[in-house]
Amino acid sequence: MEASLFPVYGKVYSGETLMKVFSQYQRGKGRRYMYTYSAVQWLFFFYFYCVAGWCFESTYVSIRKRRLVNRGFMKGPCLPLYGSGAILLLFVTLPVRENLLLTFLFGSIAATALEYVTGVGMEALFKVRYWDYSDQRFQFQGHICLSSSLAWGALAILLTRVLHTPVGRLVLLIPEQVLTVCLFPVTILAAADFTLSVKAALDLRDVLVKLEKAKKELELLQKRLDVIAAYAGDAAEKRKKERSQRLEELFASLETRFQKAREARGSSTVTEELAELRERFAELKYRREQLKEVRGHKRHLLLNHPSMRSERFKEALELLKKSAAERSRKAEKAKKDDSEKG
């Protein structure tokens, strides 16, 4: 009778049999064993590589930024793109894993396609790019680039030849019932985190849309004030040159124009219109202040995605990034002051 028995895929195997399977897998003769993983084991792989990807990405960005960065779309230590990418690489390279070149090519193409589809989908939904390769050479639409594709190909070789062997060995030694019990709370937490992250990203999108709408309304106010300020003797060409295009400058410019308009008013009609515009300006200014005070997970998204970009809402996004950074610096300073006092 065997001294040690291990339940795998609903059957019981001896340690000697399992070691034979591992040996065959490492030599490329056990390709079929990849297909015999159960759903819960594949889920374990997904979470494992999500966390591994988060560790790699956060470490890399933290070193570059010289500060701790909790990298990722989700707030927890999880990067779904790496998890889904690893699972995809394991599947697509399975038929060609004995061939190093084909493993590289299959992995590179598949992962690049995943990165492109994910990037396009997220930009369409959230109106921003959470990563952007526009500054890279040989890039396409900012979503993918040659250097990233080459890195995915190298990762496919590293994953299939080195990394996944001990991970696959580990998961086969864990009883499936135990794995199911352990992954259940992890799945609940991951689903909750993902849901809250999507909500925060959608809220951030709405803030960008509202800030852009506020800018357009300010531009209309500016045009109406130009007509009133004309009574003060301003030359049309001069007013045209002074007209600002940036949101912050628009507020400062309009403050000046209201002063000129007050000096120019000479009839009750102008006075009433000026009062109406002033009230609308105050309302827009208050709304702007409320919108730019991003908190919670929205601020996390802004601070931990320095490469986040948006062509359509470029100015509004920069305003939010600046506001989030200032708020973060104030919080760190207050925390430092409290620790010194204590």
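**Figure 1. The second largest pocket and the helices around it.** Helix H10 (296-303) brings the largest share of this pocket's lining, 5 residues. Helices here (H or I, at least four residues) and strands (E, at least two) are DSSP runs, numbered from the N terminus. H10 and H11 are the elements that give two or more residues to the lining of the second largest pocket. In total 17 residues line this pocket, and Arg67, Arg299, Leu303, Asn304 and Ser328 lie nearest its centre. By class, the lining splits into 6 nonpolar, 6 polar and 5 charged residues; Ala, Val, Leu, Ile, Met, Phe, Trp, Tyr, Cys and Pro count as nonpolar, Asp, Glu, Lys and Arg as charged, and the others, Gly among them, as polar. The pocket's volume is about 430 Å³. A pocket, on a 1 Å grid over the protein atoms alone, is an open set of points with protein on both sides within 12 Å along at least five of seven lines, while a cavity is a set of points where a 1.4 Å probe fits but cannot get out; lining residues have an atom within 4 Å of a point. Grid points are joined across faces, edges and corners, and a volume is the space filled by probe spheres set on the points. Keep in mind that this is a predicted model: local features need pLDDT of at least 70 and side-chain atom pairs count only at pLDDT 80 or more, whereas totals for chains, interfaces and linings use all residues. Residues are numbered from 1 along each chain as its sequence is written, and side-chain values use heavy atoms, with hydrogens and water left out.

Figure 2. Helix H2 (39-65), helix H3 (80-92), H4, helix H5 (146-173) and H6 are the elements that give two or more residues to the lining. H2 supplies the largest share, 9 residues. Sorted by class, the lining has 26 nonpolar, 10 polar and 8 charged residues. H2 itself has 27 residues and reaches 38 Å from its first C-alpha to its last, close to the 39 Å expected at 1.5 Å a residue; that expected span is 1.5 Å times one less than the number of residues. Just after H2, Arg66 takes a positive phi of about 60°.

**Figure 3. The two nonpolar cores.** A nonpolar core is a set of buried Ala, Val, Leu, Ile, Met, Phe, Trp, Tyr and Cys residues joined through side-chain atoms within 4.5 Å. Buried means under 20% relative accessible area, exposed over 50%, and partly exposed in between (1.4 Å probe, protein chains only). In the largest core, which has 29 residues, Phe73, Phe126, Tyr130, Leu302, Met308 and Leu320 touch the most other members. Helix H4 (100-126), helix H6 (176-229), H10 and helix H11 (314-341) are the elements that give two or more residues to this core. H6 gives the most, with 7 residues. A second, separate core has 21 residues, including Trp42, Leu90, Ala111 and Leu183.

**Figure 4. An aromatic cluster.** Ring pairs link Tyr37, Trp42, Phe44, Phe45, Phe48, Tyr49 and Phe91 into a cluster. Rings of Phe, Tyr and Trp (its six-membered ring) pair if their centres lie within 6.5 Å; planes under 30 degrees apart count as stacked, over 60 as edge-to-face and the rest as tilted. By this rule the count comes to 16 aromatic pairs. Take Tyr37 and Trp42: their ring centres are 5.3 Å apart and the planes sit at 85°, so the pair is edge-to-face. Tyr37 is buried at 11% relative accessibility, and Trp42 is buried too, with a relative accessible area of 14%.

Figure 5. The structure holds 2 cavities of 30 Å³ or more.

**Figure 6. Two loop residues with positive phi.** Phe138, in the loop between H4 and strand E3 (139-140), has a positive phi of about 55° although it is not a glycine. Phe138 is exposed, with a relative accessible area of 58%. Gln141 lies in the loop between E3 and strand E4 (144-145), and its phi is near 60°. At 41% relative accessibility, Gln141 counts as partly exposed.
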